[in-house]
Amino acid sequence: MKPGHGEVLIAEGDVEVAEEEELLIREFRHQLDQGMWAAVPERTNVGRREARMIKAFEDIPRDADRVIFFPRAAGGV
Amino acid sequence: MLLAAIAIGVVIVALLWDLVLPSVKEAVERYKARRAIIPGSSYDPGRERRAEQRARQLLRSCVNDEEWAMYRDLGFIRVWGGLSRAPRRGRISEDPRAGAPYAYLVYPHKPIVAYLPQTGELLNEYCVEFPDETRPYGSSRLPDSDDVLAKWMALTGDERRLLSMANMHLPGRQVDPKRVRRDLWHLSQWERERLRRGRRSQGEVGAA
């Protein structure tokens, strides 16, 4: 998510392909280095929708179809 | 005679020249200014609308049907809180609210309002923003639906972390409690109607 722009595709690829996985890892780290938070929306066992916050690339479920980056939360006024 | 006429003509032209020249110059400048290419600003009036449309699609793809319908119809999403703990067995908590289910109302670009669904009591306002530290986008804010989605993800993904970063205030600091109570009433009506419609459609399926 980018303020003023909404959803922007950063990178896409298949984690089963080594080169593409490398690219995804690089972009993932780059986003986190920029101070973004990462989350994967998912469905729980009971059918509830929720997000899983991701702090490391290894934490992303292998079958996740997307990771959403959004600005880190800060206290508002 | 001819020479005199020419001389008079030259004098008249010379006198008029001083009068006419400034307005001619001004007209030329105006013409140039009209034709000049002004470096355009990159502001695109449709950009924010398109961003909001994309944000709505993204939000819809993440939350469940009920939450999406709630946002579409009422303009906010209710997210159930996950940190309440029941009082320990054999102990009587001093706070009668301990362990009671609570929820949040998530509005776009407004504080998150925590409340008790059973009583409608408003608990707190959590002021939280998602400022973009990266440039060159850092000046504007997230589209409305992205702001709601960011709050939804942060609340459902790591509620404790979000609350620790938010500024907590008593209800009514930014969001008018009357408005929240009205929204809660609308929400209850909306849920009742949705339930009724669901039952009706189930009945129709059963009858068919």
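This is a predicted model: local features need pLDDT of at least 70, side-chain atom pairs count only at pLDDT 80 or more; totals for chains, interfaces and linings use all residues.

Chain B first. I read its elements along the sequence and got α-α-α-β-β-β-β-α-β-α. The tally for chain B is five helices and five strands.

Next I looked up burial in chain B. Of its 208 residues, 25% are buried. I also checked how far along the sequence its contacts reach: counting contacts between residues at least 6 apart, 60% join residues at least 24 apart.

Then I picked a single residue, Leu123(B). I found it in strand 4 of chain B, which covers residues 122-129. Is Leu123(B) buried, exposed or partly exposed? I get 17 other C-beta atoms within 10 Å of Leu123(B), so I put it down as partly exposed; the buried class would need 20 or more. Leaving out residues up to four places away in sequence, Leu123(B) touches Tyr102(B), Ala114(B), Tyr115(B), Leu116(B) and Pro171(B).

Helix packing in chain B came next. I looked at helix 2 (residues 47-62) and helix 4 (residues 144-165), whose axes come within 7 Å and cross at roughly 30°. That angle is under 35 degrees, so I call helix 2 of chain B roughly parallel to helix 4 of chain B. Which residues of helix 2 of chain B make the contact? I listed Glu52(B), Ala55(B), Arg56(B), Leu58(B), Leu59(B) and Cys62(B). From helix 4 of chain B I have Asp144(B), Ser145(B), Asp146(B), Val148(B) and Leu149(B). Sorted by type, the residues of this contact between helix 2 and helix 4 of chain B come out as six nonpolar, one polar and four charged.

Over to chain A. I found an open sheet there, three strands in the order 2-1-3 with antiparallel pairing. Strand 2 (49-54) and strand 3 (68-71) of chain A are at the edges; each has a single partner strand, so one side of each has no neighbour in the sheet. On average, neighbouring strands of this sheet are turned by 40° against each other, direction ignored.

I followed one pairing further. Strand 1 (residues 36-43) and strand 2 of chain A pair in the antiparallel sense over six bridges. Where is the bridge partner of Ala39(A)? I found it in strand 2 of chain A: Met53(A).

Technical notes: Residues are numbered from 1 along each chain as its sequence is written. Chains are lettered from A and ligands numbered from 1 in the order in which they are written. Helices (H or I, at least four residues) and strands (E, at least two) are DSSP runs, numbered from the N terminus. A residue is buried if 20 or more other C-beta atoms lie within 10 Å of its own, exposed if 12 or fewer, and partly exposed in between; C-beta atoms are placed from the backbone. Two residues are in contact if their C-beta atoms, placed from the backbone, lie within 7 Å. Axes are lines fitted to C-alpha atoms, for helices over the stretch in contact, and angles run from 0 to 180 degrees between N-to-C directions. Angles under 35 degrees count as roughly parallel, over 145 as roughly antiparallel, 65 to 115 as roughly perpendicular and the rest as oblique. Ala, Val, Leu, Ile, Met, Phe, Trp, Tyr, Cys and Pro count as nonpolar, Asp, Glu, Lys and Arg as charged, and the others, Gly among them, as polar. Two strands pair if DSSP finds at least two bridges between them.
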